[in-house]
Amino acid sequence: MNDALSEQVMSALAKVKHVPRESITPESTLDSLKLDSLDKISLLFELEELLGTTIPDNALNDVLIAGDVVERVRSLKDAATAGS
Amino acid sequence: MTRRVVVTGLGCISALGANHEEFWSALREARPGIAPLEGFEPGRLRFANAAQVRGFDPAVHLEATRLDLLDRFAQFALVAARQAVTDAGLEWTAALRERAAVICGSSMGGQCTQDDQFAELYGRNRERIHPLTIPRVMANAAVSHICMEYGLTGPAFTISSACSSSNHAIGQALELVRSGRADVALTGGSEAPLSFATLKGWEAMRVVSPDTCRPFSRDRKGLVLGEGGAILVLEPLDRARARGARVYAELAGAGMSADAHHITQPTVAGPAHAMRAALEDAGLAPESVGYINAHGTGTPGNDPVESRAIHDAFGAHAAKLAVSSTKSLHGHALGAAGALEAVATVLALHHGVLPPTANFIVHDPECDLDVIPNHAREARVEAALSNSFAFGGLNAVLAFRAFAN
């Protein structure tokens, strides 16, 4: 889904990897972006900053493509909203 | 196995310039790197000057993804290492990579990163700091990045002994190459201590000069902080000869000691012991030494004690020695000091020119040495020492011998 959250997540990915935002699509695999474990924790930091919430350490463990990151973040955000 | 070890490559980033050539020409011409401190709020520090590395744009040297991982201290080391490897004309083979040592000194590691990130927590009350803080701050980061740059898989570690860090590191690298445990070593050190909290720490020690650094001059008022990094390539003489490498000088020995006295006050005995140990390790008679690159911080405390230590170690020959403190030009780069000064000493032997003690005004009878005041001196000397003495009373002295190619 192309929305504000998706845009924010793609931008965070682009920031962590120092690549142009346009080079990342929801179908981009994290492998193709060469997102290693250290990059993943940098991404989690950027996402926490962005959302102002706490994301669990293992949130991105089984995520394969950029679009999945968006959906994972969306569900965390929705859960946080529902719980508040 | 004992092998003669020579210096075949130099890399250097300092307030005196972007490479060892600029460093040397500034030393030779007594062109100071000490200038008004930039980048800090005016009026919040009691001193105004520092020997800052200016015009260093890390993005020119390092790609953005790499830079994320590198504090300024590691940037200096990595760029200096690249310069040194190129300067030495090293060609890496699988066998050489396995037998390459990387031993560097740093007193404080990634202090700029630590300062910035802790300010977020304590100053701005934020809940999180950047996840790359730890890998940037760790004092071994510089060594690890140099290893990764070239795929070097031999012995590699960082030594931290405050202002003696680099000399201890170079001494360990000498040991590894001399004993045959490594066939080449990249060694030296780096420091980037010009963060606000670190400056405040030094201010509180009341050892920083309000103006400039005047080592051994009676009107000296203290040290001036500096930053930078330098790397030397060490190789066994036989290997250097076999590949037709240019040799700057021989690293003939190293001497170390502990004062075991006081956490900040130096002794005469400790430094004298380290100088004697360096001479003995190098197989040098005291009379063969013509130059000492002094620790020479320019503090009221260090310079008379170091002068007495030199007299103690050299006896009557102390009157014939030329001694200078190049900290008067490149500032006190703390854990990088020994590396910068090793480059100065090696180039002094190589060029037959002794760098001066700048800003010298008045002779101090408590520092009764020929300190090469203000102007470099042409002199071919057989051997030279480079002194580093640290807070905590940990002393490390390197002994270099001139080498005729």
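Predicted model: local features only at pLDDT ≥ 70, side-chain atom pairs only at ≥ 80, totals over all residues.
1. Domain layout. The domain assignment divides chain B into domain 1, residues 5–242, and domain 2, residues 253–402. Taken over C-alpha atoms, the centres of domain 1 of chain B and domain 2 of chain B are separated by 20 Å.

2. Extent of the interdomain interface. On the side of domain 1 of chain B, 64 residues are in contact with 70 residues of domain 2 of chain B, and the two domains bury about 4,800 Å² between them, with 70% of that area on carbon and sulfur atoms. Within domain 1 of chain B, the residues that lose the most area to domain 2 of chain B are B:W24, B:N167 and B:F216, which together make up 19% of what that side buries.

3. Elements on the domain 1 side. At least two residues each of the side of domain 1 of chain B that touches domain 2 of chain B are supplied by β1 (5–14), α1 (20–29), α9, β6 (184–191), α10 (196–205) and β7 (228–236) of chain B. The largest share of that side, nine residues, comes from α9(B). By class, the side comprises 30 nonpolar, 24 polar and 10 charged residues.

4. Helix packing. The axes of helix α9 (residues 165–178) of chain B and helix α15 (residues 337–351) of chain B come within 5 Å and cross at roughly 65 degrees. In this contact B:S166, B:N167 and B:I170 of α9(B) meet B:G338, B:A339 and B:A342 of α15(B), a set with three nonpolar, three polar and no charged residues.

5. Interface with chain A. Here 10 residues of chain B are in contact with 11 residues of chain A, and the two chains bury about 900 Å² between them, 58% of it on carbon and sulfur atoms. Three salt bridges are counted between chain B and chain A, and A:E48 forms a salt bridge with B:R128, in which the closest N and O atoms are 2.7 Å apart. Six residue pairs are in polar contact between chain B and chain A, both residues being at pLDDT 80 or more, while the side of chain B that touches chain A has five nonpolar, two polar and three charged residues.

Methods:
Residues numbered from 1 in each chain as written. Chains lettered and ligands numbered in written order. Heavy atoms only, no water. Contact = heavy atoms within 4.5 Å. Buried area = accessible area lost by both parts, 1.4 Å probe. Salt bridge = Lys/Arg side-chain N within 4 Å of Asp/Glu carboxyl O. Polar contact = N/O pair within 3.5 Å; in protein donor to acceptor, adjacent residues only side chain to side chain. Nonpolar A, V, L, I, M, F, W, Y, C, P; charged D, E, K, R; others polar. Axes fitted to C-alpha atoms, helices over the stretch in contact; angles between N-to-C directions. Helix = DSSP H or I, 4+ residues; strand = E, 2+ residues; numbered from the N terminus. Domains from an automatic or database assignment.
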